[in-house]
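Here is a short report on helix packing in a predicted model. Keep the structure open while reading.

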Amino acid sequence: MSKVTEEITGILASRYGVPTPRIAAGGSLNDLGIDSLVTVELTLTLQKTLGVPLAPGEITSAHTLTEIVELIESKGAAVK
């Protein structure tokens, strides 16, 4: 599991109460109970936490964790 994956999984679990086994299953954010408003908040959190610029709507509730990780890694996320 990449550091970006670990970071996002931790955020989804701690901030939004998504059980870790559900996150690992590979569904979309919507499948995890993350709606569009929470997705906006998540996007802002990821920008701040990982140091990547994300445009509004670049991450949607239809995205999977894998897709989000690939997007963020392509932007050079700064995970400590």
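## Surroundings of T5

Leaving aside residues up to four places away in sequence, T5 touches L65 and V69. T5 belongs to helix α1. Its relative accessible area is 16%. The cut-off for buried is under 20%, so T5 counts as buried.

T5 also has a polar partner. Its side chain makes a polar contact with the side chain of S2, at 2.9 Å.

## α1 against α4

Two packed helices are described by the angle between their axes and the distance between the axes. For α1 and helix α4 (residues 65-74), the angle is about 125° and the axes lie 10 Å apart. The two helices are therefore oblique to each other. Their crossing is right-handed.

On the α1 side, the contact involves V4, T5, I8 and T9. On the α4 side, L65, I68, V69, I72 and E73 take part. By class, this contact has six nonpolar, two polar and one charged residues.

## α1 against α3

Helix α1 (residues 3-16) also packs with helix α3 (residues 36-50). The angle is about 130°, and the axes are 11 Å apart. That makes α1 oblique to α3. The crossing is right-handed.

From α1, the contact draws on V4, E7, I8, I11, L12, R15 and Y16. From α3, it draws on V38, E41, L42, T45, L46, T49 and L50. The residues of this contact divide into nine nonpolar, two polar and three charged.

Note on methods: Residues numbered from 1 in each chain as written. Predicted model: local features only at pLDDT ≥ 70, side-chain atom pairs only at ≥ 80, totals over all residues. Heavy atoms only, no water. Axes fitted to C-alpha atoms, helices over the stretch in contact; angles between N-to-C directions. Helix = DSSP H or I, 4+ residues; strand = E, 2+ residues; numbered from the N terminus. Parallel < 35°, antiparallel > 145°, perpendicular 65-115°, else oblique. Left-handed = near helix turned anticlockwise from the far one by under 90°. Contact = heavy atoms within 4.5 Å. Nonpolar A, V, L, I, M, F, W, Y, C, P; charged D, E, K, R; others polar. Buried < 20%, exposed > 50% of the residue type's maximum accessible area, 1.4 Å probe, protein only. Polar contact = N/O pair within 3.5 Å; in protein donor to acceptor, adjacent residues only side chain to side chain.
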